[in-house]
Amino acid sequence: MRERVMSAVPGPVVVVGGGVVGLCTAYYLAAAGLQVEVVERRRLGSGASRGNAGWVCLSHSTPVPAPGVVRYALRSLGRPDSPLYLRPLPDPAFVRWLWRFWRSSTPAVFRRGYAAIAELNRETFGLFDGMREAGVDTTLTRPGMVHAFLSPAEARHHLAVQREMADGHYPVPDDIVTGAEAHLLDEALSPAVRAAYLVAGEGVVDPEAFARALGEALAASGVKIHENAEVTGFRTAGGRVTALRTADSELPCAAVVVAAGMRSPDLLGLLGRHLPLQAGKGYSFSVDLDPAPRHTLYFGERRAVASPIGGTTRIGGTMELSGNNNRLDWRRVVAVALASRHYLGRWFDDPDDLVGLIRDPWVGGRPFLPDGLPLIDRVPGHDNAFAATGHGMLGVTLGPVTGHRLAEYVVTGRRPEALVPFRFDRLRS
């Protein structure tokens, strides 16, 4: 049995990364009575946490490498309007990542990954409730998710797969609704939607407001927050991290948690660990619709989404594998808007109109490991260093449970059973 990480070691636990995952980890570490500091190279919640769809969901908590996804990606070559867009790069690391992604897309590997995430997700809504009861304005509502389709056959296939995978982890309806009744599940849906079903209880938050509320709760509990501070190195001794270096100072620590999204590979590289992380770029924007959606919406054939957030509608989608960059490709914004029009009606007539209609066009590099699962583990070779990254599109959903379980690991030195599938050694070539 490993001795307690925090035994007789002075100083704070420093969490590197001010997104939802890092802030939730800091929240539960502080709740355990530890001294905690957060270091964020920009401002809290400014990365992939800011512009996502805000879903807190069980029905879409799946690994991205699924059976058939590679074939689908290959068909996207040369098609920047495709929901899943692959732009090959002359980079051996990118090629190796794609190879491992392909190896992870078998039915058996996908099912194991799905089961691992479902098990981790058991506490998700309970933890959100606990945060709210403790005074954190999570902004969570649970309107349910409507899955909308242009084809009844596609809807039935999707529901059958989802029912099989759910395996009792969340409620799934017995059948779809079709014809004119389909778009009545949410009045924002257009009559072109010919089939739909509702998964009750699925949630949505305003991710930027949630991150802000977490930051306020941390500050109120005495957690010191360093914004606009980039970690440039670590000081180590005897297999432990003793301090973090920034451009302006050195921060002594009792332990460190790297939860820095796409910045995590560079930081873990400084600790001697390679992390095969790639950015799955996603796009979103906000628009005022009349009528506006009451539920979160999943547009089945086009793999786009819509969420009611902050009094407006956030529309998002696409998975772009084009390297680790945050370049905004306007063609991808247009592609998401055009995809949504199949399900929401002609809320715009011409793509040229979008510049005046949409607000806050956003692109974010969601961190993906090749098997589609996050990394939540101790960093090998360093008794008091931990990592929580690679959550892809599930950072908001899995943020609280990641923080809760990782805080338990930091405090006790014993890996919780639910974190076994997300350990470091699974990533060995």
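## The second largest pocket

The second largest pocket has a volume of about 420 Å³, a volume being the space filled by probe spheres set on grid points that are joined across faces, edges and corners. The model is predicted, so that local features need pLDDT of at least 70 and side-chain atom pairs count only at pLDDT 80 or more, while totals for chains, interfaces and linings use all residues. Residues are numbered from 1 along each chain as its sequence is written, and side-chain values use heavy atoms, with hydrogens and water left out. A pocket here is an open set of points on a 1 Å grid over the protein atoms alone, where a 1.4 Å probe fits, with protein on both sides within 12 Å along at least five of seven lines; its lining residues have an atom within 4 Å of a point.

## What lines the pocket

Of the 18 residues lining the second largest pocket, Ser 104, Val 109, Arg 112, Asp 371 and Arg 426 lie nearest its centre. Helix 3 (92-103) and helix 4 (107-120) are the elements that give two or more residues to this lining, and helix 4 gives the most, with five residues. Helices (H or I, at least four residues) and strands (E, at least two) are DSSP runs, numbered from the N terminus.

By class, the lining divides into nine nonpolar, three polar and six charged residues, where Ala, Val, Leu, Ile, Met, Phe, Trp, Tyr, Cys and Pro count as nonpolar, Asp, Glu, Lys and Arg as charged, and the others, Gly among them, as polar.

Three strands form an open antiparallel sheet in the order 10-11-12, and its edge strands, each pairing on one side only, are strand 10 (231-237) and strand 12 (250-252). Two strands pair if DSSP finds at least two bridges between them.

Strand 10 and strand 11 (residues 240-246) are paired over six bridges, with Thr 236 having Val 241 of strand 11 as its bridge partner. These two strands form a hairpin with two residues between them, and Gly 238 in the turn has a positive phi of about 60°. Strand 11 is joined to strand 12 by three bridges and by a hairpin through three residues, and Leu 244 stands opposite Leu 251 in strand 12.
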